[in-house]
Amino acid sequence: MDEEIAPLSIQKNMLWNSAGSIINLAAQWLITVLVVRISSGYDAAGLYSLAVTVYGVFAPVAQYRMYTYQISDTKRENTLGEYFTFRIITDVIAFVGCFGYALATCPSSAVSTILLYGVYKSLIMLIDVFHACDQRHQRMDYIGISLTLQGVLSLGLFGLVFAATGNLEATLVAMCLGLVAVGVLYDLRRATQFEKLSLGITIAKTKYLLWHCLPIVLGALACSAAASVPRQFLFTDMGEVALGVYASVAAPVAVIQNGASYIYYPLIGYFADYYVEGNLKRIFALLAKVTAGITLLGVVCAVLIELFGVQVLDLLFANNIVEYAYLLMPMIISALIAAYMWFLNDLLIAVRDFKGNFFGNAASLVAALCCMVPFIMTWDLNGVTFTAIASSVVGIVVMAISFFLSLRKGARAVKVTSEVNEKDSL
């Protein structure tokens, strides 16, 4: 089926993916702006941020790192329907965990908002299965268009419903319905041009994926917790207003952090292919380009924030938010360091070094837990950012060592295989 649809070049795929992702992230950011502008204070922003933070702890379980696994599945181990069915299973597991965690740790008044946000994110992750199929067939224009539709529709529905009702629960329900429409009417039709969607997965395959990918999922949980737990500690120690302020200032920086992934994500499949081939030269060339791209992005963003950060915060949020502009520059540094750690995370999955992935993320979480209380007590809101910087640096060091060890191991394996093939041919 895929021969009928011509693949796009790397450059076009990167442009389409970047354009759609930027629009989607901008829309998600503008939602955090609207929740402040439409409501009378930061209470609703704090509640929305709490929902994002709490579900973020369990998002790695729902993802189960299957997107990266799927796009680097060079041997076509599983079908589209098997990946989709497996995602339904992991979505349910994550939702149950989120529900129990919210009941145990959050105010009862916040539980319904957290759960509805969980449904919203679960639908996005189901659509991601279609996106991975599109990327594997080198048609990321479909992904860009879908992300644009998701972002614009979610933003529009949030603005209309929240302005009319002032109710986050009703707003999230409307946003969920919008995602269902995009997934069914657009993404499903595009992905099934390449592969048939036959729901179902064997118990044996389910057990294999759950067990085989468990280290990288535990690593993702650790990575998520390293970012989320300090924010939740801030909420507990200083209240929802403090978290609302921090989240509002951090929202544009989060766009930068996610934007860094556009530089490398379309290349992950190529890293996997070159690793299988033992082509270290191309791997290092791509590695240098990604590192330079993320560094350049950091410099540009730092200059823009220095020049216009205060004015942008005042324009978007008002409510005396400019007095917190000092949070911006450390946040940019933190975002870009975290983005590079994400890159190494995905690289280790591409080369199937699941243990290295786990230990790097676990080290990051341990660093965060050690730093967060003294850092927040010393630097207040900035303490959350400094904790993130410290934990990401630790994770990067451990993952970089694991990645280079994996390259050496892979190169030796390819060399041995080549020598064996040469002997057999003689």
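**Helix packing and aromatic pairs: worked exercises**

Helix α5 (residues 108-136) packs against helix α7 (residues 168-191) at an angle of about 10°, and their axes lie 9 Å apart. The model is predicted, with local features needing pLDDT of at least 70 and side-chain atom pairs counting only at pLDDT 80 or more, while totals for chains, interfaces and linings use all residues. Residues are numbered from 1 along each chain as its sequence is written, and side-chain values use heavy atoms, leaving out hydrogens and water.

**Exercise 1.** Classify the aromatic pair of Y48 and F158.

Step 1: rings of Phe, Tyr and Trp (its six-membered ring) pair if their centres lie within 6.5 Å, and planes under 30 degrees apart count as stacked, over 60 as edge-to-face and the rest as tilted. Step 2: with 6.1 Å centre to centre and 70° between the planes, Y48 and F158 are edge-to-face. Step 3: Y48 lies in helix α2 (residues 43-63) and F158 in helix α6 (residues 140-165), 110 residues apart.

**Exercise 2.** State whether Y48 and F158 are buried or exposed.

Step 1: buried means under 20% relative accessible area, exposed over 50%, and partly exposed in between (1.4 Å probe, protein chains only). Step 2: both Y48 and F158 are buried.

Methods: Axes fitted to C-alpha atoms, helices over the stretch in contact; angles between N-to-C directions. Helix = DSSP H or I, 4+ residues; strand = E, 2+ residues; numbered from the N terminus.
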